[in-house]
Amino acid sequence: MFAIIQCQTDGKKFTAKQVLDKQFREEIINKDQGYNIFANLRNSPSYLQKRQKDLMAMIRQLGCPTYFMSLSAADTRWTDLIGILGKLIDKKEYSKSELQNMDWASKTRLIQSDPVTCVRFFDHRLQVFMNNVLKSSLQPIGKVKDTFTRIEFQQRGSPHAHLMVWIEDAPNFKQHEHASIVAFIDNYISCSTEVSEDDLPYLEMQKHRHSKTCRKRQKAICRFGSRNRQLIKQWFKNLSAHRIQNIKCSSTIFSKLLTF
């Protein structure tokens, strides 16, 4: 089954007789014209095709994006979301202490009971984060020139966002020297496990924990390379001196990789 919108092909409109003809239908399907009606339906093939063209146009106009980010929903840790779900589902207003001490089963029950509210809450937090943090006058990652966002859903049903971010006056590998690129990276990006006690919960969210996706396609080791320190060290040691000098990454991060 497929849908056809009212449009013109070679100056002719589709008629009911043409649509009932099998050969004509196959021709429309081969040209993807039968699916154009879904172009505004998110995550449909025609919608993603249109968004891909938008992204390629942005890359042609703006160049290579400066940052690529993946933002996941920490829905079981968002006490304000759990509180909203409690009001909607249990018809109860939980206290702050009750929300903080709520067991895992109760949280997941509330989240699974109203996925629409969870998705809307995630979208709201994402927009607030982008507008009030990334695009704020503080410019934590530089002055944002443009962004491209794609929302996907994990196997457990929670949404996550992939972002491409273009920063104004950001250096690029073809036009700027290595030193200026290193300085830009070190100015905005850092990596450390030495954080304050208040930040420890956020550090835990950044730690990789193995799951079945780590060994996708029956891989013997984690496909993300997490915690395979000896493997990473050996990979760097095998690089020639010329190759090391031309790696486009922060010298600070590079030195940490060799010594951890």
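Start with a definition: rings of Phe, Tyr and Trp (its six-membered ring) count as a pair if their centres lie within 6.5 Å, with planes under 30 degrees apart called stacked, over 60 edge-to-face and the rest tilted. By that rule, a search of the whole structure turns up 3 aromatic pairs. Before you click, note that this is a predicted model, where local features need pLDDT of at least 70, side-chain atom pairs count only at pLDDT 80 or more, and totals for chains, interfaces and linings use all residues. Residues are numbered from 1 along each chain as its sequence is written, and side-chain values use heavy atoms, leaving out hydrogens and water.

Select Trp 78 and Phe 121. Their ring centres are 5.6 Å apart and their planes sit at 50°, so this pair is tilted. It links distant parts of the chain: Trp 78 is in the loop between strand S3 (67-72) and helix H4 (79-90), while Phe 121 is in helix H7 (residues 115-134), 43 residues apart. Helices (H or I, at least four residues) and strands (E, at least two) are DSSP runs, numbered from the N terminus. Both Trp 78 and Phe 121 are buried; buried means under 20% relative accessible area, exposed over 50%, and partly exposed in between (1.4 Å probe, protein chains only).

Next, pick Tyr 67, which forms one aromatic cluster with Phe 184 and Tyr 188. Leaving aside neighbours within four places in sequence, Tyr 67 has contacts (heavy atoms within 4.5 Å) that include Ile 141, Leu 163, Val 165 and Ile 189.

Now move to helix H8 (residues 178-188) and colour its buried residues: Ile 181, Val 182, Phe 184 and Ile 185. Look down the axis of H8 and they fall within an arc of 160°, so they line one face of the helix; the arc is taken from the directions from the helix axis to the C-beta atoms.

Last stop: two loops. Look for Lys 91 in the loop between H4 and helix H5 (96-100), where it is exposed, with a relative accessible area of 68%. Gln 139 also has a positive phi, near 50°, and is found in the loop between H7 and strand S4 (144-153). Gln 139 is partly exposed, at 33% relative accessible area.
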